[in-house]
Every structure is written in structure tokens, then in C-alpha cells.
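Good morning, and thank you for coming. Please look at the chain on the screen while I take you through a few of its residues and helices.

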Amino acid sequence: MNVLVIGGGAREHAIVWKLSSSPQVTKIFTAPGNAGTAMIGTNLDIAATDVEELLSAAQTNHIDLTIVGPETALEVGVVDRFRAEGLTIAGPTQAAARIETSKAFAKNLMVKYNIPTGKAELFTSYEDAMPYAHQAAMPIVVKADGLAAGKGVTVCQTRDEAILALWNAMEDQVFGSSGDQVLVEECLFGQEISVFTFTDGVHLSPLVAACDYKRIGDGDQGPNTGGMGSYSPPRVWDDALSEQVMTEIMAPTVKALAAEGCPFQGVLYGGIILTEDGPKVIEFNARWGDPETQTVLPRLESDLVDSYLASINGAVDKATIEWSEEACVGVVMVSGGYPAEYSTGMSINGLDDMEEDVTVFHAGTRAEDGIPTTSGGRVLTVTAKGQSLEQARERAYNNVSRITYENAQYRSDIAK
């Protein structure tokens with residue numbers, strides 16, 4: 001097979017890396033890719049949202065299977081367009097992807113089908129939201145309705161913080177049109193986990209789970225980022241919790257989307273919080289998470305190609321999808337100043353000094369004269385496996401310390 005992976009982050013590098021071990025794969029193309037994907041296959045200088053150019057590239061390069069990485073590509077309907085041309089592509093349609101691209105759609109779906117989640121109110125103007133913020137019990141959560149690169153959610157401890165968050169989203173438009181509608185939600189408390197399943201719209205694969213870290217600083221201090229690290233499996237994850245999340249959340253959501261006329265095919269991601277009243281949904285994503293993918297896919301023992309094809313062909317119940325018992329820890333290295341302003345173009349050193357069984361997934365990188373340099377906020381994810389989380393964590397940090405570039409920054413408490 002010739003395979004095209006859409007996207008250019010560490011998630012996509014992890015997908016490409018895993019695909020490269022499949023005996024079914026001949027060539028891998030990544031659009032736009034990064035310095036890491038270029039070492040495995042061919043990068044195409046096409047944006048993940050340029051649907052017509054992606055389609056043309058798939059036809060020109062005789063692509064047999066396309067895999068969509070980022071939510072932005074799903075939002076613009078790349079799956080619908082490829083399918084209209086008879087091409088095989090893994091991922092949900094534009095309508096099904098609303099489970100992620102519209103928090104209002106997702107919340108309404110959960111309420112309608114009794115899927116456990118926090119109480120929320122939807123507002124379309126700052127003037128309407130203000131009175132609610134003045135009388136609501138604190139803390140509350142303010143969520144921009146649309147996509148915001150993982151940064152559209154603000155946990156507000158005080159009324160002043162809530163009013164500022166509403167102003168930023170709805171009046172100052174810091175998230176663009178994603179802030180045209182805003183959900184104001186009750187704040188749920190408990191351990192957060194990310195749960196993933198392959199689904200063909202009817203059947204679901206066994207669940208796999210991870211934990212990620214959103215804030216820039218140790219101890220969950222500072223602003224939200226796209227993700228600073230992850231580990232899999234969570235310490236709280238066991239067969240009983242997996243069965244509960246499947247029965248109460250993941251399977252009912254797949255059934256609900258089908259009932260609404262937009263069956264979901266691909267990887268469904270449930271952001272779950274384990275409250276005193278049981279697991280509840282914080283959000284859904286319509287694709288693999290980043291950085292969770294970097295610690296989940298190294299644990300996949302079966303062929304990733306088979307899993308994707310099963311999700312397309314309605315055969316997830318017949319597919320072999322197996323996960324290792326090993327633990328995996330991933331530490332994200334970012335540019336100094338991220339998630340605010342940061343500089344790029346820094347030479348990255350030490351990548352050829354990694355221990356065996358340690359994998360470095362590239363995100364914001366590009367190759368200049370054969371030398372990898374920084375080109376984004378999140379630069380690398382250094383991942384390591386082990387018989388325990390403690391062993392995997394030690395290996396990951398031992399290798400993070402070998403990589404250097406100017407103003408490199410990372411958290412020191414991932415999986416601690």
C-alpha cells in the first residue's frame with residue numbers, strides 16, 4: 001500500500017512510525033510532515049486543510065489509504081471530499097466530527113442521549129453570558145464552542161476570571177470565530193483520563209487510555225498548551241473502569257451519532273473525568289490526541305493498517321487490536337516562551353544519542369541542510385517504554401536530558 005498521513009505534528013510522526021512497521025505498507029507520504037516524518041517517508045508541502053491539493057496528491061501518488069491526523073482537516077470535510085472521489089480514507093465525516101468541532105453539538109448530544117457530563121449553558125453574546133457569570137457558583141469553566149488548538153477552555157476560580165474569559169472569547173475574539181458561541185459549564189473534579197477506541201460506526205474496539213498534561217509548568221501551573229506530556233496506561237485504569245466507560249459513555253455516544261444520521265468511523269477520543277458520581281465526559285475529540293498518541297501507539301501490538309481498514313469497512317468487531325501491558329511515558333520539549341511568543345530556527349542536538357527503546361517524535365521541526373531545527377512551539381516528544389510507569393519515566397527523562405537546543409523547556413513531573 002501507498003499511505004498518506006495528513007498533518008505535521010508529533011501525533012502524525014507517531015502514526016507514520018507505527019505504519020512503517022506494517023508489512024502491508026510500501027510507501028508513506030505525509031502532508032505537510034516534519035523532519036521526523038521525512039526520515040521515514042516523503043513529505044508533501046501541502047497544508048492539512050488544503051483539501052483540493054491533498055486530493056490531487058493522493059491521486060497523483062496512487063494512494064491506497066489516507067489517514068487524517070488533525071481535527072482541522074476533519075472540520076473542513078477532507079473525509080467527505082475523498083470519499084466522493086472514491087478514495088479510501090480513515091476518519092469521521094464533517095458531520096460526525098462535530099462531536100469535537102462544536103462543543104455545543106457535543107453537549108446537546110450528550111444531554112439528549114443521557115451520556116454523563118457536566119451541566120452547561122450556551123451563550124451567543126457577551127451581554128447574555130454576563131448575568132449568568134455574575135450569579136453562577138464558582139468555579140466555572142468557559143469553553144469556546146469551536147476549535148482553539150486545545151487552548152479554548154478556561155477554568156475560572158473567581159467571578160473576575162470568568163468575566164475576563166468571556167470577554168476574551170466573545171468580544172476580543174482571541175479564538176477567532178470559535179468564540180462566537182461559548183459554553184459556561186460546571187467545574188467537575190477528579191482524575192482526568194483520555195480514552196480511545198477504533199469504531200466503524202457500530203462496533204468499538206477494546207479501549208485504551210492515557211493521561212496528558214495541559215499546563216505549561218510543573219504542578220499544573222501556568223497557561224494551557226497543546227499538551228506537555230502523557231503516559232499510558234493511567235494508574236487508575238483497570239478492566240472494571242474500562243467496562244464502565246465503554247458501557248456508559250463510548251458505546252452510547254457511537255450509537256447516538258448513528259441515530260443522529262452521522263455515524264462516526266475512525267478513532268473516537270473521550271476526555272473523561274472520574275468524579276465522585278462516576279465517569280463524566282469533559283469533551284470528545286474526533287481523532288487521536290496529541291501528546292497521547294505518542295504514548296499509546298508504542299503499546300499497540302497489532303497492525304495499525306488493519307485497525308484503520310476495519311473502521312472503514314465495518315469490521316472492527318472482527319479485527320485484532322491488541323495493546324501491550326507495558327507502560328509508556330512521553331515528555332514534550334517546547335520552545336522557550338511557548339505558548340506565548342517564541343523563537344524558532346534553533347539547531348537541535350543529541351537526537352542520535354538516544355537509548356534503545358526510546359523514540360523521539362518530531363512536531364515543530366524542519367531539516368535545514370540535513371540538520372533538524374525548531375520550527376514551532378511544541379518541538380519534540382521523547383517517549384520510553386518500561387515494565388512500570390516509574391521505569392518508563394526514568395528512561396524518558398534520562399534521554400530528554402541528552403537533547404539540547406537554545407531555550408529548550410519541558411516539565412519535570414510527567415507521570416510522577
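I begin with Ile 273, which is buried, at a relative accessible area of 2%. Here buried means under 20% relative accessible area, exposed means over 50%, and partly exposed lies in between, computed with a 1.4 Å probe on protein chains only. Before going on, please note that this is a predicted model, in which local features need pLDDT of at least 70 and side-chain atom pairs count only at pLDDT 80 or more, while totals for chains, interfaces and linings use all residues. Residues are numbered from 1 along each chain as its sequence is written, and side-chain values use heavy atoms, with hydrogens and water left out.

Ile 273 belongs to strand E13, residues 266-275. Strands (E, at least two residues) and helices (H or I, at least four) are DSSP runs, numbered from the N terminus. Setting aside neighbours within four places in sequence, the contacts of Ile 273 include Leu 188, Phe 189, Glu 192, Pro 279 and Ile 282. Contact means heavy atoms within 4.5 Å.

Is Glu 192 buried or partly exposed? Glu 192 is partly exposed, with a relative accessible area of 47%. Not counting residues up to four places away in sequence, Glu 192 touches Cys 211, Ile 272, Ile 273 and Ile 282.

Let us turn to helix H13, residues 389-400. Its twelve residues reach 16 Å from the first C-alpha to the last, close to the 16 Å expected; the expected span is 1.5 Å times one less than the number of residues. Which residues of H13 are buried? They are Leu 389, Ala 392, Arg 393, Ala 396, Tyr 397, Asn 399 and Val 400. These residues cover an arc of only 160° around the axis, which puts them on the same side of H13. The arc is taken from the directions that run from the helix axis to the C-beta atoms. As background, an α-helix has 3.6 residues a turn, so residues three or four places apart point the same way.

The axes of H1 (residues 10-19) and H12 (residues 304-313) come within 8 Å and cross at roughly 110°. The two helices are therefore roughly perpendicular to each other. Angles of 65 to 115 degrees count as roughly perpendicular, under 35 as roughly parallel, over 145 as roughly antiparallel, and the rest as oblique. On the H1 side the contact is made by Ile 15, Lys 18 and Leu 19, and on the H12 side by Leu 304, Val 305 and Tyr 308.

Finally, some details of the backbone. A cis peptide bond, with omega about 5°, joins Ala 31 and Pro 32, and Pro 32 sits in strand E2, residues 27-32. The bond from Tyr 338 to Pro 339 is also cis, with omega near 10°; Pro 339 is found in the loop between E15 and E16. Ala 415 has a positive phi of about 65° although it is not a glycine. Ala 415 lies in the segment after E20 and counts as buried, at 2% relative accessibility.

Notes: Axes are lines fitted to C-alpha atoms, for helices over the stretch in contact, and angles run from 0 to 180 degrees between N-to-C directions.
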